[in-house]
Amino acid sequence: MKLKDKVAIVTGAARGIGEAIAYRFIEEGARVTLCDIDEQALKNVDLKVKEMGGECLLAVGNIVDRNFVQSMVDNTIKTFGDLDIMVNNAAITRDAILHKMSGQQWNEVIDVNLTGTFNCLQAAAIYMRGKGKGTIINVSSTSRFGNPGQLNYSASKGGVVAMTRTAAKELARKNVTCNCISPGTIWTDMLKAVPEQALERLRSGIPLGRFGDPKEVAHLAVFLASDEASYITGQTINCDGGSFMI
Amino acid sequence: MPVEIDLTGKVAVITGAGRGIGRSIAITLARAGAKVVLNSRTASQLEETAREVRSIGGQALCFPADVTQREKVEKLMHTAVTKFGGLHILVNNAATMAPKPLLEQTEQEWDRVMDVNLKSVFLCTQAAGRYMVQQKYGKIINMASTGGEIASPMNASYHASKAGVILFTKSVAVEWIRHNINVNAVGPGFVDTGLVDQFIQKGSRETSLKSIPIKRFAEPEEIANIVLFLASDLASYMVGEHVIIDGGLTIP
């Protein structure tokens with residue numbers, strides 16, 4: 001088991017990639033705090049974790065709220081005795097073409113994807129640098145390379161990469177690593193909202209010829225979270241079927 | 001259930017397997033169950049790697065040869081297929097360097113660096129690819145380097161060759177993914193091997209350490225871990241990636 005005795009927090013754990021990461025972490029022996037704003041969906045994940053015989057703690061709330069984030073980190077440490085892995089996966093989309101994008105659409109995405117990620121990153125980093133060990137995994141997206149209709153989302157995901165690099169540089173001497181996964185088009189609820197015609201166009205742009213499975217991203221997250229990846233820091237690793245080889 | 005990477009029934013060819021990162025990769029893949037075909041020019045070093053593989057219950061075959069020569073490369077892949085019954089994983093790891101001010105670099109040195117670091121990757125990938133395309137399965141991992149992305153003085157040939165490996169990786173990755181062959185690259189920074197001492201011969205280890213945010217060199221095993229991951233089906237959605245593992249040395 002690659003994460004035996006480790007304690008992790010996964011944000012956005014109620015569905016999609018975050019949910020898949022949560023299950024894989026549990027399978028590898030970690031105890032996990034599951035964070036999401038959607039309580040009902042999170043309870044379903046909780047049930048499944050219990051079925052698997054895993055241990056988890058639920059944190060229902062909004063990562064934009066700094067008090068919520070701090071209490072989530074505190075509760076995790078109080079309940080499980082430690083925090084080894086922070087996975088900043090929670091994100092939202094509010095797609096619109098640039099000339100039609102509202103200020104609200106922009107703000108909501110930036111709030112959750114950037115400010116929320118910062119809040120979690122900071123709270124976890126303060127604890128981890130104190131104990132001199134830990135790893136943080138941020139989730140970006142290949143939309144960071146620019147994706148029409150997602151000006152807000154792509155800007156936020158580019159920001160996540162920049163935060164990853166800066167945090168990695170700052171935290172390395174404290175033996176805390178920080179990396180980023182950049183998934184391509186993964187078959188999740190977020191994608192299921194896209195019209196069929198657009199889906200076909202997306203699929204034809206992937207050299208592998210198919211969408212990714214959330215589990216394939218989760219495998220990479222497990223590797224990065226494990227001690228096997230102890231020398232990797234500051235990196236953004238694409239998991240995208242070859243869509244962007246940058 | 002936890003997922004253990006199981007390479008039982010898989011055959012891996014590793015070039016430059018006599019020491020350093022290559023040896024560690026061979027042992028790591030063998031520990032996961034792969035039968036390993038070990039290549040480098042120096043038979044005695046290969047035998048030592050093979051001994052270590054066998055000591056953990058693995059199967060190893062030594063094939064000492066210069067992989068800059070086509071006939072030898074073809075024979076290497078043929079040997080893997082005939083002796084071990086297949087060829088599923090190729091790790092192009094053999095590399096050299098001739099660090100020197102550019103004005104002093106000889107054409108012969110340049111050619112040797114290009115041959116060992118780049119041409120051998122072409123020859124091995126092509127020869128192994130003939131089997132992999134046919135069987136519709138393959139994992140190719142090219143050892144690139146942070147030096148393929150970021151430059152340092154007095155090593156132009158090395159940097160050029162490793163940058164070549166990265167784009168070679170990406171081009172072949174797109175070309176062959178339809179044959180179910182994943183081609184990726186791994187880019188180590190400073191690793192505690194003999195080659196790193198060549199690279200930093202002009203400065204001290206301490207100076208180099210200062211430039212690494214994580215304040216230590218990598219152990220060869222840490223590089224082998226990511227190679228194992230990429231050699232497994234867990235990384236099936238990764239195509240044409242260059243995964244840098246450098247302790248933060250070259251964070252852009």
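The contact between the two chains takes 30 residues from chain A and 28 residues from chain B, where residues touch if their C-beta atoms, placed from the backbone, lie within 7 Å. This is a predicted model, in which local features need pLDDT of at least 70, side-chain atom pairs count only at pLDDT 80 or more, and totals for chains, interfaces and linings use all residues. Residues are numbered from 1 along each chain as its sequence is written, and chains are lettered from A and ligands numbered from 1 in the order in which they are written.

**Chain B's side of the contact**
- Helix 5 (156-176), helix 8 (220-231) and strand 7 (242-245) of chain B each give two or more residues; helices (H or I, at least four residues) and strands (E, at least two) are DSSP runs, numbered from the N terminus.

**The sheet of chain A**
- Seven strands form an open sheet in the order 3-2-1-4-5-6-7, with parallel pairing; strands pair if DSSP finds at least two bridges between them.
- Strand 3 (56-60) and strand 7 (236-239) of chain A stand at the edges with a single partner strand each, so one side of each is left without a neighbour in the sheet.
- Strand 4 (residues 85-88) and strand 5 (residues 134-139) of chain A run parallel, joined by four bridges.
- A:Val87 has A:Ile137 in strand 5 of chain A as its bridge partner.

**Two packed helices in chain A**
- Helix 1 (residues 16-27) and helix 8 (residues 214-225) of chain A pack at about 50 degrees, with axes 8 Å apart; axes are lines fitted to C-alpha atoms, for helices over the stretch in contact, and angles run from 0 to 180 degrees between N-to-C directions.
- Among the residues that meet are A:Ile17 and A:Phe25 in helix 1 of chain A, and A:Val217 and A:Val222 in helix 8 of chain A.
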